[in-house]
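Trainee: I have a model open and a few spots to check. Can we go through them one by one?

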Amino acid sequence: MAKSRLQIIPLGGLGEIGKNCTAFVYGDEIVIVDAGMAFPDETMPGIDCVIPDFSFLMENREKIKAILITHGHEDHIGSLAYLLRDVDAPVYATKLTCALIKGKLEEIHVGKYSLNVVKSGDEIRVGQLRCGFFHVCHSIPDSCGIYIRTPIGTVVHTGDFKFDHSPLDGELTDMYRLAEMGHKGVLVLCADSTNAERPGYTPSEAVVAKSLRSAYADAKGRIILATFASNVSRIQMAVDAAVEQKRKVCVFGRSMVNVVGIALEAGYLTAPEGTFIDADELSRYRDDRILVLTTGSQGEPMAGLSRMADGSHRQVQIHAGDTVIISASPIPGNEMSVGRTIDNLMRLGANVVTSATSRVHVSGHGSQEDLKTMLSLVKPKFFVPVHGEHRMLCRHSELAQSLGVKKENILIGENGSVFEFTNRSAKIAGHVQAGAVFVDGLGVGDVGSVVIRDRQQLAKDGVVIVVLALEKKSGKLAAGPDIVSRGFVYVRDSEELLAEARARVEMILDRTGAAKVTEWNAIKTQIRDSLGKYFFDKTKRRPMILPIIQEVKA
């Protein structure tokens, strides 16, 4: 690519919420901003998390000069460990973000990495590029936007942001730096679109602190508060309110325990000595002296709150008098699981407080007026809405046009789109491979769409296994056929159905034996076809049918 051109290539975060990752390419140099993950939805059974397809970066790994991280949320750091297994590039992030990244790298056993702490206001040299960090308000401390100065102009990437005039840590979004860059001239703005459909301003985190204190005051028994593990600001509010009420704090959920430990050690979470207690100390205190912090605000099946709600949690059983506060709003697609968790909690007698009934959660993302403020300060020549589903990107584009940005200067794309800029022009110049890679246990990318489809079919209609033994030379039946049903029908209640299925298999074997068919794959195909049609006619279900033929000597 000619040096007078800049390419911006999003590998995640466009047309979706999560797995944010963007490559900035100038000449032979690539700078990556963020490497996030997304949580699986109900169409992905067994998947632990979803990360971007890094094929483009793997093909160009020698050109990657730096990885810049805006903040420590999972959707911005969750895939970094997988990227660093194959890419040897220095990582730059603020102190808390580096601490959270280090924890993840150690957990996934990434041996060699270069983690560098920067502060808001710092600028680093990366080849021909100068990359700087400026503070933005978000729902985790130490959040930054990033600018990249290239020979053809400056690019500003907002990261996740809002304009909060009374933030918990007292650090305001750096409007001065944004206005200064806008005054000098910004070639491209890439801005967070998550709340582009929401009118007005996003309320301050101070509103949540007040609502939490009010909810605590009304609680007569234990308080169980669920939020995102990485939402350190919200955890600090919860702990502060607990200290005011002389409650002890007990933390559950692996990720919550990890983040609380890291934030306490790094000084981003503070509490008087003795505030935090272990699980085995819970029984020493009255219910009205306990706050339980847990994961599960999105109804994740294995998270702490979900297990408490279905009675499978080993240490915390919900009972009447408990107040459960869900300090988060459902991510699109998670509404059903969150609703199910709330139903289960209420059945057990808990009083449930959610963002639908109280201001126990506000977004960390700017609403329409915040987005307009950002556009007005930066005054970009070209605009690329990022971080959001397609309708959000389109709405953000409309907001930009209402402020005078020309429609032809706004580029809306998808993951893999190559946005190409000169100092005078902008266009989509092609597409690179992009998409979703599934992480399942220790496997990364070994579970593809075919495996997911199989899992969906198994979950929907079950499996029928047909086991038989055939003589090697004659093809005659030596044993079986035995039919095993799992997730399809209950064997004892379906003896007639399975007896008929067995008879059909025997008929196929008689036919293939007479025709001297010794190709076992052909026999398996006939069994699958015959039983598939029979089971659908009788049950209107399509179980997965697995014939297993064992070869024996006569």
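Mentor: Start with cysteine 394. Cysteine 394 is partly exposed, at 25% relative accessible area. Buried means under 20%, exposed over 50%, and partly exposed in between, with a 1.4 Å probe and protein chains only. This is a predicted model: local features need pLDDT of at least 70, side-chain atom pairs count only at pLDDT 80 or more, and totals for chains, interfaces and linings use all residues. Residues are numbered from 1 along each chain as its sequence is written, and side-chain values use heavy atoms, with hydrogens and water left out.

Trainee: And cysteine 250, buried or exposed?

Mentor: Cysteine 250 is buried, at 1% relative accessibility.

Trainee: How many disulfides does the search find?

Mentor: Zero, over the whole structure. A disulfide here is a pair of cysteine sulfur atoms within 2.5 Å.

Trainee: Why is cysteine 394 in no disulfide?

Mentor: The nearest cysteine sulfur belongs to cysteine 190 and is 16 Å away. A disulfide needs the two sulfurs within 2.5 Å, so cysteine 394 is in none.

Trainee: New topic. Where is asparagine 20?

Mentor: In the loop between strand S1 (6–12) and strand S2 (21–26). Strands are DSSP runs of E, at least two residues; helices are runs of H or I, at least four; both are numbered from the N terminus. Asparagine 20 is buried, at 3% relative accessible area.

Trainee: What does asparagine 20 touch?

Mentor: Not counting residues up to four places away in sequence, Gly12, Gly13, Asp34, Ala35, Gly36, Asp75, His76 and His387. Contact means heavy atoms within 4.5 Å. Asparagine 20 and aspartate 34 are 14 residues apart in sequence, and their C-alpha atoms are 6.2 Å apart.

Trainee: Which side chain makes a polar contact with that of asparagine 20?

Mentor: Histidine 387, at 3.5 Å. A polar contact is a pair of N or O atoms within 3.5 Å; within protein, one must be able to donate a hydrogen and the other to accept it, and residues adjacent in sequence count only if both atoms are side-chain atoms.

Trainee: What about lysine 104? Which glutamate does its side chain join?

Mentor: Glutamate 74, through a polar contact of 3.2 Å. Lysine 104 lies in helix H4 (residues 95–107). At 18% relative accessibility, lysine 104 counts as buried. Beyond four places in sequence, lysine 104 also contacts Ile77, Gly78 and Ala81.

Trainee: Next, serine 143. Where is it?

Mentor: In the loop between strand S9 (129–135) and strand S10 (144–150). Serine 143 is buried, at 0%. Its contacts beyond four places in sequence include Thr70, His71 and Phe134. Serine 143 and histidine 73 are 70 residues apart in sequence but 9.4 Å apart in space, C-alpha to C-alpha.
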